[in-house]
Amino acid sequence: MLLHGCWWNFGLLVVLTITTTVMRFTHGAPLPAPNLPDDCNSEERCCMPRPYTGKPRRQFAFNASLPVRLRRAANLVDEAYIAKLERAVQLQRELPDTDPRSFSNQRNLHCLYCDNALYYPGSAWPLEVHGGWLFLPWHRMFVYFNERILAKLLGDDTFALPFWNWDNQAAEPPQGNILPYFYARNKSSSLWNKNRNNCSEPPLLVDLNTVGGCTSKTPEELRIQNNRLLYTQLVSGAPAPSFFFGLPYSYGEAGQMGSGTFEDSPHGTVHLWLGDPNPDKPAGPYDDMGNFAVAARDPAFYGHHSNIDRVWTIWNSLPGEHRREYSHPDFLDAQFTFYDENADLVVVNISQALNRTGLRYDFCSKFQ
Ligand code: C2O
């Protein structure tokens, strides 16, 4: 038995060595910035408005004159802040369909980058930002520009998104591990979304372990299991970037080679808890967050991803010299195209996404 185990390990080692060697030779081209809005061939109808009417596309540059924006925990924000967030999202919903910054076009932009919609000229594979090392940096920049667009609509450069701290397992209110109540308390609010699973209504606790659906677990069981999962995905199971960020993805490859520890759960499980694509029900309106094409039309998407971004900064601060980003040029030089707060096209390199000092936002307190 032991011998069998040894041979198995040896075999695994050989396979891993061959894979890494092959990867070393096949890498060498970072993903270039897709040409928006033209490189779009989407069955989900998530192309961005054409023709493009903004300034010529340029490289994204940091703006050192911006104030540092502080994102606050969703369970601790006050009514004045909620009113502001509601107004910003309302203004965004009112933008016309010709404006790439509009609420529905931001949903399209997320869909575009992950739902078989963007093909580089001549490429057999669609660009896919999930399932590998693009996941964290792409979503950071998506949320970054969303925040900047809301700030622009409010005329307030200090505006910051909240973060929905579902990692907080406090037993007493204000709890982080429920859907923040401002997303759910008022049907006429711009933060409301009707397409959610009934079992995600406050004060029901989030289940970070289960893929979709309602649960019969007690609150106490949920808190314990949620904490265990967070420890495994963030601490014990993610000592190096290949674990936390997911596997490499270079130009010409199919992508989705393997997600990082955090991408499937809790990131994916929170999506599926809120928007349950229950296989027993016909595909329905309750599944927004559970569906790549429409996830970003739930305002809670942005609070969720703001928290994913915060958890990334927590991971960076954990002990261990390998808890840092990949340094491979195919990672650092990979590029995305976004629309900035002025609706102009900008190209962002992942190396820029890693520079939060340059991006000028922070989290009120890391542990909340
Ligand atoms: Cu692009 Cu939370 O997914």
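This is a predicted model: local features need pLDDT of at least 70, side-chain atom pairs count only at pLDDT 80 or more; totals for chains, interfaces and linings use all residues.
You can find Ala343 in the loop between β3 and β4. What is phi for Ala343? Phi is near 70 degrees, a positive value in a residue other than glycine. The two strands around Ala343 form a hairpin, with 5 residues between the strands.

That brings us to the sheet. In general, strands of a sheet pair through backbone hydrogen bonds, either parallel or antiparallel. Here we have 3 strands in an open sheet, in the order β1-β4-β3, and the pairing is mixed.

Now, how do the pairs run? Strand β3, residues 335-339, is joined to β4 by 5 bridges, and the two run antiparallel. As one example, Phe336 has Val348 in β4 as its bridge partner. On the other flank, β1, residues 58-59, runs parallel to β4, with 2 bridges joining them. Arg58 stands opposite Val346 in β4, and Gln59 has Val347 as its bridge partner there.

Next, β4 itself, which covers residues 345-349. How many of its 5 residues are buried? The count is 5 of the 5, so the strand is largely enclosed by the rest of the structure.

Now let's move to the helices. Take α2, residues 79-94, and α4, residues 135-154: their axes come within 9 Å and cross at roughly 95 degrees. Angles of 65 to 115 degrees count as roughly perpendicular, and α2 and α4 are therefore roughly perpendicular to each other. Which residues of α2 and α4 meet? On the α2 side they are Lys84, Arg87, Ala88, Val89, Leu91 and Gln92. On the α4 side they are Asn146, Ile149, Leu150, Leu153 and Leu154. Sorted by class, this contact has 7 nonpolar, 2 polar and 2 charged residues.

While we are in α4, have a look at His139, which is found in this helix. Its relative accessibility is 3%, so His139 counts as buried. What does His139 touch, once we leave out residues up to four places away in sequence? The list is His110, Val129, His130, Phe301 and His305. Two of these come with side-chain polar contacts: His139 reaches the side chain of His110 at 3.5 Å, and the side chain of His130 at 3.2 Å.

With a relative accessible area of 1%, Leu112 is buried. Leaving aside neighbours within four places in sequence, Leu112 is in contact with Leu36, Cys40, Cys46, Cys47, Met48, Ala117 and Leu118. Leu112 and Glu128 are 16 residues apart in sequence, and their C-alpha atoms are 8.8 Å apart in space.

Let me finish with some backbone details in the loops. Where are the cis peptide bonds I want to show you? One runs from Arg50 to Pro51, with omega near -5 degrees, and Pro51 sits in the loop between α1 and β1. Another joins Pro173 and Pro174, with omega about 0 degrees, and Pro174 is placed in the loop between α4 and α5.

Finally, Arg360 has a positive phi of about 60 degrees, although it is not a glycine. Arg360 belongs to the loop between α11 and β5. Is Arg360 buried or partly exposed? With a relative accessible area of 22%, Arg360 is partly exposed.

Definitions and conventions:
Residues are numbered from 1 along each chain as its sequence is written. Side-chain values use heavy atoms; hydrogens and water are left out. Axes are lines fitted to C-alpha atoms, for helices over the stretch in contact, and angles run from 0 to 180 degrees between N-to-C directions. Helices (H or I, at least four residues) and strands (E, at least two) are DSSP runs, numbered from the N terminus. Angles under 35 degrees count as roughly parallel, over 145 as roughly antiparallel, 65 to 115 as roughly perpendicular and the rest as oblique. Contact means heavy atoms within 4.5 Å. Ala, Val, Leu, Ile, Met, Phe, Trp, Tyr, Cys and Pro count as nonpolar, Asp, Glu, Lys and Arg as charged, and the others, Gly among them, as polar. Buried means under 20% relative accessible area, exposed over 50%, partly exposed in between (1.4 Å probe, protein chains only). A polar contact is a pair of N or O atoms within 3.5 Å; within protein, one must be able to donate a hydrogen and the other to accept it, and residues adjacent in sequence count only if both atoms are side-chain atoms. Two strands pair if DSSP finds at least two bridges between them.
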